[in-house]
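Visitor: Could you take me through a close look at the disulfide here, and then at the packing of the nonpolar side chains?

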Amino acid sequence: MSAKLVLVLTLLASGVALICLRAQTDPQDSQQSPAENGRTRAHDHSDSMPGMNMDGMKMDDDSGNHAQTGAMQSMAHSHHMAMDGAHMRMTAVRPVADGDRERAQRIVDTLAEAIQKYKDYHVALAEGYRIFAPNLPQPQYHFTNYWNGFLEGFTFDPARPTSLLYKKTKDGYELVGAMYTAPRTATLDELNERVPLGIARWHQHTNLCIPKGPQARRADWSKFGLTGSISTEQGCSEAGGRFYPVIFGWMVHVYPFESSSAQIWAQ
């Protein structure tokens, strides 16, 4: 058996063990409906999935819910932050290389076909996608499949996005796109192998300061979170917070039902 095959089997076994352990420690999940399960997972976004973990983030016991809610609020609206700003790192714009447009179009075509069935959001829930922060008003809602996120840690399949992107409607959710992820340690060349950097820009969320202890109950989220004014470790320490240089991994949004390349790869 080759060393590469052994590595893949080991990673798969680790993922299965992780899922089994989660099921054992949270038995109520198996008794919940998909929608209820989605609401539960919305408060459990620290899964150890490459590209979708919070790098060991822990909230402080009784005040944890307050801190987590505020953090999620800032993340939910973080797309309004300035690109390449204090809280977001974007990959640099590259010249379009030979074959980039064709490769990107193949990704879009594959994705559009693969997620067509998820236009009925009930299908997404039934197949393991979980709504991120469903009770917080958001321009877009991420329905995340954490097993897909795990697999994205070492393979890329354009038909297997980590998250589906929806807009809220009066009757439920409307599918508008998807999100791919990659490990936060991925190099630019590795990201380019997945989605060409001459067409799309990947992004990371950075410099997060989270209040801790009793402070979380009365935190000023104009200072904390991914849209807050605090963006340095020193400033976070002075404010009594906990600092995270990078959270999650690399991400790229894709809107395959749009008509132009600029709209398809808008971040």
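Guide: The link of C209 and C236 is right-handed, with 85° about the S-S bond. Keep in mind that this is a predicted model: local features need pLDDT of at least 70, side-chain atom pairs count only at pLDDT 80 or more, and totals for chains, interfaces and linings use all residues. Residues are numbered from 1 along each chain as its sequence is written, and side-chain values use heavy atoms, leaving out hydrogens and water.

Back to the pair: the sulfur atoms of C209 and C236 sit 2.1 Å apart, and a disulfide here is a pair of cysteine sulfur atoms within 2.5 Å. The structure holds one such link. C209 belongs to strand β6 (residues 203-211) and C236 to helix α8 (residues 233-238), so the pair ties together parts 27 residues apart in sequence. Helices (H or I, at least four residues) and strands (E, at least two) are DSSP runs, numbered from the N terminus. Both C209 and C236 are buried, meaning under 20% relative accessible area with a 1.4 Å probe, protein chains only.

Now for the packing. The largest nonpolar core has 31 residues, and F143, L164, Y166, W202 and W265 have the most contacts inside it. Such a core is a set of buried Ala, Val, Leu, Ile, Met, Phe, Trp, Tyr and Cys residues joined through side-chain atoms within 4.5 Å. β5 gives the most to this core, with five residues. Leaving aside neighbours within four places in sequence, L164 is in contact (heavy atoms within 4.5 Å) with residues including I115, Y129, F143 and L175. Apart from this core lies another, of eleven residues, among them V176, Y244, F248 and Y255.

How values were computed. Buried means under 20% relative accessible area, exposed over 50%, partly exposed in between (1.4 Å probe, protein chains only).
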